[in-house]
Amino acid sequence: MIKKNHYIFCLDGGASKSTSAVFDTNGNKIEKNVGGLCNIENNFNLSLDCIDYHLKKSKILKNIRKKNIVISLGLAGGRNISKKNIIRKRLKNYKKIFISTDGHISLLSILQNIEIKNYKDIASFNIGTGSVIHFFINKNTQYQIGGWGHMFGDQCSGYWIGKKIITYFLKNIDNLEKNDPIYKDLIINFGNNDLTIMKKLMRNDIEKIASIFKIFLKYLNQSELSKKIFKEIILEYENILHHLINIKKKNKIYLSGGLSNFYFKYTPNKFKKFVHINKSNPVDGAYLMTQKKEFVENLYNDKRILK
């Protein structure tokens, strides 16, 4: 039971940065902090450090007993059961612990003012370093598309775009210097030796590869390579919207994450009435998960049995 002298610590952990907030039992946000990456799938130790950082950073929780603090975490890579269990063990002295994914709490933040009967009409498309889609199948069960991690796609994400650019860069490394202005910035980041570039790619520096999006955007109107990638990602984005709207019958798609404004700007005309920017804060979704039973993560993906 959550009492008046309790506090709720919430964390939205992404692959590049994290945000935490402390709520009182009336749902008032009374403190907010920002920190580094919190992707437990790809950078588990750094993510553990990040969670500790946010807890120690809080001035409000400094003199509060752990048994009076509820923890709610929405973490990139948060479907990893073994790593979630380690986190639960580390935080076992706290009142109660909720752990889900950053995509899940993003969906919850959208639903905070929506009636249960309308949950199935809405989907959350979170696009940043990675990408993931969440929506409700019914009032108690959610479904996830994507979010499998950079190795398996995460279509339209910063990493996905960066990897495509590097692939084209390698294929055309002997011709880009004379013909494409993006070459200079790419060579500063990766060099001009194909073996060196491939080694850097194999090391899988996710954040660095995702940051190539900034170079892509810088030369969008000048570079043939950027233009080619742009056509590919907008087609992929259109295919995703088609799937959500025409196949899954969602009539409101909310975009969240660092690349959301970019994709919103280039939404195809036929889908514009369905697509919205998520103006709510995902960390609010982490708070809501502690308040409503239907908001506790219950993924169909994790429960189905394929025969």
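I began with helix H10, residues 224–247: its 24 residues should span 34 Å at 1.5 Å a residue, and its end C-alpha atoms are 34 Å apart, which agrees. The expected span is 1.5 Å times one less than the number of residues. Helices (H or I, at least four residues) and strands (E, at least two) are DSSP runs, numbered from the N terminus.

I noted the ground rules next. This is a predicted model, where local features need pLDDT of at least 70, side-chain atom pairs count only at pLDDT 80 or more, and totals for chains, interfaces and linings use all residues. Residues are numbered from 1 along each chain as its sequence is written, and side-chain values use heavy atoms, with hydrogens and water left out.

**Around H10**

I looked up which residues of H10 are buried (under 20% relative accessible area; exposed is over 50%, partly exposed in between; 1.4 Å probe, protein chains only). Among them are Leu-225, Ile-229, Ile-233, Tyr-237, Ile-240 and Leu-244. An α-helix has 3.6 residues a turn, so residues three or four places apart point the same way.

Then I checked the start of the helix. Ser-223 sits in the loop between helix H9 (212–218) and H10. Ser-223 counts as buried because its relative accessibility is 0%. A side-chain oxygen of Ser-223 comes to within 3.1 Å of the backbone nitrogen of Leu-225. The side chain of Ser-223 also reaches the backbone nitrogen of Ser-226, at 3.0 Å. I used the polar contact rule here: a pair of N or O atoms within 3.5 Å; within protein, one must be able to donate a hydrogen and the other to accept it, and residues adjacent in sequence count only if both atoms are side-chain atoms.

Just after H10, Lys-249 has a positive phi of about 60°.

**Cavity and pocket**

I searched for spaces on a 1 Å grid over the protein atoms alone. A cavity is a set of points where a 1.4 Å probe fits but cannot get out; a pocket is an open set with protein on both sides within 12 Å along at least five of seven lines; lining residues have an atom within 4 Å of a point. Points are joined across faces, edges and corners, and a volume is the space filled by probe spheres set on the points.

I found one cavity of 30 Å³ or more. The largest cavity holds about 40 Å³. Leu-48, Ile-51, Asp-52, Ile-87, Arg-90 and Leu-91 line it. Helices H1 (44–57) and H2 each give two or more residues to this lining, and H1 gives the most, three.

The second largest pocket holds about 230 Å³. Of its 16 lining residues, Lys-84, Arg-88, Ile-99, Glu-297 and Asn-298 are the closest to its centre. Helix H2 (81–90), strand E5 (96–101) and helix H13 (300–303) each give two or more residues to this lining. E5 has the largest share, with four residues.

**Cysteines**

I searched the whole structure for disulfides (pairs of cysteine sulfur atoms within 2.5 Å) and found zero. For Cys-10, the nearest cysteine sulfur is that of Cys-38, 13 Å away. Cys-10 is buried, at 0% relative accessibility. Cys-156 is buried as well, at 0%.

Last, I looked up Gly-130, in the loop between strand E6 (122–127) and strand E7 (131–138). Gly-130 is partly exposed, at 26% relative accessibility. Gly-130 and Cys-156 are 26 residues apart in sequence and 8.1 Å apart in space, C-alpha to C-alpha.
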